[in-house]
Number of protein chains: 2
Amino acid sequence: MDQDAFAPCCDVPQTHNDVLDRVGHDMPPEEQLYDLADLFKIFGDTTRIKILYVLFESELCVCDIAALLGMTQSAISHQLRILKQSKLVGNRREGKTIIYFLSDNHVRTILGQGMEHIIE
Amino acid sequence: MDQDAFAPCCDVPQTHNDVLDRVGHDMPPEEQLYDLADLFKIFGDTTRIKILYVLFESELCVCDIAALLGMTQSAISHQLRILKQSKLVGNRREGKTIIYFLSDNHVRTILGQGMEHIIE
DNA sequence: GATACATATGATCAATAGTTCATATGAAAG
DNA sequence: CTTTCATATGAACTATTGATCATATGTATC
């Protein structure tokens, strides 16, 4: 990053360049931040949250999830695709049906922390 | 919830109603799930993630954040508004400028867990 | 191998979100 | 009290997203 890129932009009584330099340096790389936002986007939809919550308690086939949430098989399938791409859920075939399950421990923590925040 | 609402929808070798009954019961109320999704939507944008990251290390005024991220003051201000509405950041006036800061401990945990997930 | 069942996928459409531009608010200095 | 500086806000435009509908894939059964 350019050393002198940050000129004082307002008359705050502290030295700006010091702070700005330091802050700018500890920033994770652009790509990681992008991936991180993408991950949280997944949690930012009620349907997907509900899916994660039901899988939380039991692995389930697609039609069961659809029945539980009162939604179309197609809608659920589309969302499961997204969840699987992000490695948040996994699946296995069992005869004609396909069983989905949570594949990651972080899911619980992330949802839990989110809940704590909104409960307050 | 209706006791007999869930008929078996596929020929999975387990009894569906048992599982579906149990899973349906431990679901948080609709409104909470909605709020939860709304909270995560906030983390689902690169700009807001970056803002949180810089505030992570130091409280800053609006124009400093804009300078750090190389973005318009207006864009930043709009996003700060959203972050403030969700109680993720707070602010205080200091002369002509307004200083923003992180107001919640969960922010660190949530971002941290997210990072852990994508690093793997 | 033809049919039925469970799931996946592609196209389409409505709704939502983020940036930009122009402008408004609000405190401080002269 | 007028001007200036820092920030906030509203409107408009584009891009993205989630549900629906129709259809494709793929496994099992006859």
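Biologist: Which surface do the copies meet through?
Modeller: Keep in mind that this is a predicted model. In it, 100% of the interface residues of chain A are also interface residues in chain B, so the copies meet through the same surface.

Biologist: OK, and how can chain A be laid on chain B?
Modeller: You turn chain A by 180° and shift it 0.0 Å along the axis, and it lands on chain B with an RMSD of 0.1 Å. That is the relation of a two-fold axis.

Biologist: Let's switch to the DNA. Which residues come nearest to DNA strand D?
Modeller: There are 27 residues around DNA strand D, and the nearest are A:Cys10, A:Thr47, A:Arg48, A:Ser74 and B:Tyr100.

Biologist: Which helices and strands supply the surface near strand D?
Modeller: From chain A, α3 (46-57) and α5 (73-85) each supply at least two residues, and so do α4 (62-69), α5 (73-85) and β3 (97-102) of chain B. The largest share, 5 residues, comes from α5(B).

Biologist: How do the residues of that surface divide into nonpolar, polar and charged?
Modeller: For DNA strand D, you get 9 nonpolar, 11 polar and 7 charged residues.

Biologist: Now the other strand. Which residues come nearest to DNA strand C?
Modeller: DNA strand C has 27 residues around it, with A:Tyr100, B:Thr47, B:Arg48, B:Ser74 and B:Gln79 nearest. Sugar or phosphate makes up 65% of its atoms within 4 Å of the protein, and bases make up the rest.

Biologist: Which contacts reach its phosphate oxygens?
Modeller: One is from B:Arg48, with a side-chain N or O atom 2.5 Å from a phosphate oxygen of DNA strand C. B:Thr72 has a polar side-chain atom 2.8 Å from a phosphate oxygen. With A:Cys63, a polar backbone atom is 3.1 Å from a phosphate oxygen.

Biologist: You mentioned β3 of chain B. In what order do the strands of that sheet come?
Modeller: The order is β1-β3-β2 in chain B, an open sheet of 3 strands with antiparallel pairing. β1 and β2 are at the edges with a single partner strand each, so one side of each has no neighbour in the sheet.

Biologist: How many bridges hold each pairing?
Modeller: β2 (residues 89-94) and β3(B) pair over 6 bridges, while 2 bridges join β1 (residues 60-61) to β3(B). For example, B:Leu60 has B:Tyr100 as its bridge partner in β3(B), and B:Arg92 stands opposite B:Ile99.

Biologist: What's in the turn of the hairpin?
Modeller: There are 2 residues between β2(B) and β3(B), and B:Gly95 in the turn has a positive phi of about 70°.

Biologist: Last one: which helix lies across those strands?
Modeller: Helix α3 (residues 46-57) of chain B lies across β1, β2 and β3 of chain B, at about 90° to β3(B).

Note on methods: Residues numbered from 1 in each chain as written. Chains lettered and ligands numbered in written order. Predicted model: local features only at pLDDT ≥ 70, side-chain atom pairs only at ≥ 80, totals over all residues. Heavy atoms only, no water. Near = heavy atom within 4 Å. Helix = DSSP H or I, 4+ residues; strand = E, 2+ residues; numbered from the N terminus. Nonpolar A, V, L, I, M, F, W, Y, C, P; charged D, E, K, R; others polar. Pairing = 2+ DSSP bridges. Least-squares fit on C-alpha atoms with pLDDT ≥ 70 in both. Contact = heavy atoms within 4.5 Å. Axes fitted to C-alpha atoms, helices over the stretch in contact; angles between N-to-C directions. Polar contact = N/O pair within 3.5 Å; in protein donor to acceptor, adjacent residues only side chain to side chain.
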